[in-house]
Amino acid sequence: MKLGVSSKLMDTIIREDLEQIKGSIDPGPFQGKRALVSGGSGFLGSWICDVLSQIGSKIICVDNLSTGVVENVEHLKGTNGFEFEKADVCTYSRSPKVDMVFHLASRPAPEDYQKHPVETALANATGTDKMLDLARKNDARVFYSSSSEVYGDPEIFPTPESYEGKVDPLGPRSCYEEGKRFGEALCKAYHDQYGVDVRIGRLFNSYGPRLRPDGLYGRVVSRFIMQAQSGHDITVFGDGSQTRSFCYVADSVTGILRFLGNNRASAEALNIGNDEERKILYLAETVKKLVGSSSTIRFLPFPKGDHRRRLPDVQKSIKQIDWLPRTTLEDGLRRTILWLKK
Ligand SMILES: NC(=O)c1ccc[n+]([C@@H]2O[C@H](COP(=O)([O-])OP(=O)(O)OC[C@H]3O[C@@H](n4cnc5c(N)ncnc54)[C@H](O)[C@@H]3O)[C@@H](O)[C@H]2O)c1
């Protein structure tokens, strides 16, 4: 098959990771299929576009470029029928023929979405409605990118999909947390009423090449790397004892594609995250060491509404889609550091 990707625009790290993803999924369900990827020029969406394009899907990438950049998919334009449409998913009015819809359009980072709470809530409410309606008209399969944030401030660790969540509907993150919860409810409603084949991926902190390097809070991996590389203070919120589970992008994208390609996983929610729990302070120290930086680690006040722990239970993902992250935090960080250096 002729690849649609201009090799001079792809760097080695991304090429290697794309090969790993392609080797870890069954390309059958995607070959010769038409996919709409909302949020396709963002971090995760552009990886999905790359993989799908290389395995022979025709893609319509719909993005309003609010947090994504067109450079992430520039190399795909005009190849394998790839189309880029600058559009807001909430007002999307075309009805293209598609076999699958990946709905990723949403502002993901707290510092940013708290400045745009209405757009954030609506991308997951009205935007999800538009994408589900398009899928219904086409009898297409849907992947909805939900989040570990639907669990709010969980009381059970590792957190299984059956945990109902502890979320403040009026809290500082509610536009996102409740937006994702409503998006999930709408997926279930379209499934129950119209039989739409929906898959809900609850993503836990994903990181890797193409993560925004501007250090928005919530993009902690790229912020620490940029701070360490430039010799600025590495800024940790609170005392750094709060934990996260970091999943390298190649693993996250493999999980998403296995989930959508699987014939038995309809109307399910699956945790897509790494089951290694790490303190934020450990992340800061590890980044500092791997970069070889002399930066000082500086502690800032803990933000209101932030959560103390994140740890997915991945037993259901193992069982349903035979998926488990393969990349250690140290390896993933090395790859991200190398890519950000470029
Ligand atoms: N990366 C993670 O760790 C993570 C974790 C949990 C959930 N998620 C979810 O995964 C999805 C993708 O996240 P990401 O990390 O790639 O973020 P990203 O910001 O890189 O990508 C989101 C994309 O959506 C676009 N977008 C936002 N609102 C839009 C709208 N109304 N209409 C059209 N396009 C719009 C942005 O321009 C951007 O390109 C999001 O839904 C996010 O909530 C991501």
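Is Glu277 buried, exposed or partly exposed? Glu277 is partly exposed, because 16 other C-beta atoms lie within 10 Å. The cut-offs are these: buried takes 20 or more other C-beta atoms within 10 Å of the residue's own, exposed takes 12 or fewer, and partly exposed lies in between, with C-beta atoms placed from the backbone. This is a predicted model: local features need pLDDT of at least 70, side-chain atom pairs count only at pLDDT 80 or more, and totals for chains, interfaces and linings use all residues. Residues are numbered from 1 along each chain as its sequence is written.

Glu277 sits in strand 12, residues 277-279. Helices (H or I, at least four residues) and strands (E, at least two) are DSSP runs, numbered from the N terminus. Setting aside neighbours within four places in sequence, Glu277 contacts Thr243, Ser245 and Leu311. Contact requires C-beta atoms, placed from the backbone, within 7 Å. Arg199 is 78 residues from Glu277 in sequence and 25 Å away in space, C-alpha to C-alpha.

Next, the ligand. Its surroundings hold 28 residues, and the closest are Gly39, Gly42, Thr67, Gly68 and Ala105. A residue is near the molecule if its C-beta atom, placed from the backbone, lies within 6 Å of it. Helix 2 (43-54) and strand 5 (141-147) each give at least two residues to this shell. Helix 2 has the largest share, three residues. By type, the shell has 10 nonpolar, 15 polar and three charged residues. Here Ala, Val, Leu, Ile, Met, Phe, Trp, Tyr, Cys and Pro count as nonpolar, Asp, Glu, Lys and Arg as charged, and the others, Gly among them, as polar.

Now helix 6, residues 174-194. At 1.5 Å a residue, its 21 residues should span 30 Å, and the end C-alpha atoms are 28 Å apart, which agrees. The expected span is 1.5 Å times one less than the number of residues. Its buried residues include Ser174, Cys175, Tyr176, Cys187 and Tyr190. Among the elements covering the buried residues of helix 6 are helix 3 (110-113), strand 6 (197-203) and strand 11 (268-272). Gly195 follows helix 6, with a positive phi near 75°.

Last, a helix pair. Helix 4 and helix 5 pack at about 25°, with axes 3 Å apart. Therefore helix 4 is roughly parallel to helix 5, a term for angles under 35 degrees. Leu122, Ala123 and Asn124 of helix 4 meet Thr126, Gly127 and Thr128 of helix 5. Two of these contact residues are nonpolar, four are polar and none is charged. Axes are lines fitted to C-alpha atoms, for helices over the stretch in contact, and angles run from 0 to 180 degrees between N-to-C directions.

Methods: Two residues are in contact if their C-beta atoms, placed from the backbone, lie within 7 Å. Angles under 35 degrees count as roughly parallel, over 145 as roughly antiparallel, 65 to 115 as roughly perpendicular and the rest as oblique.
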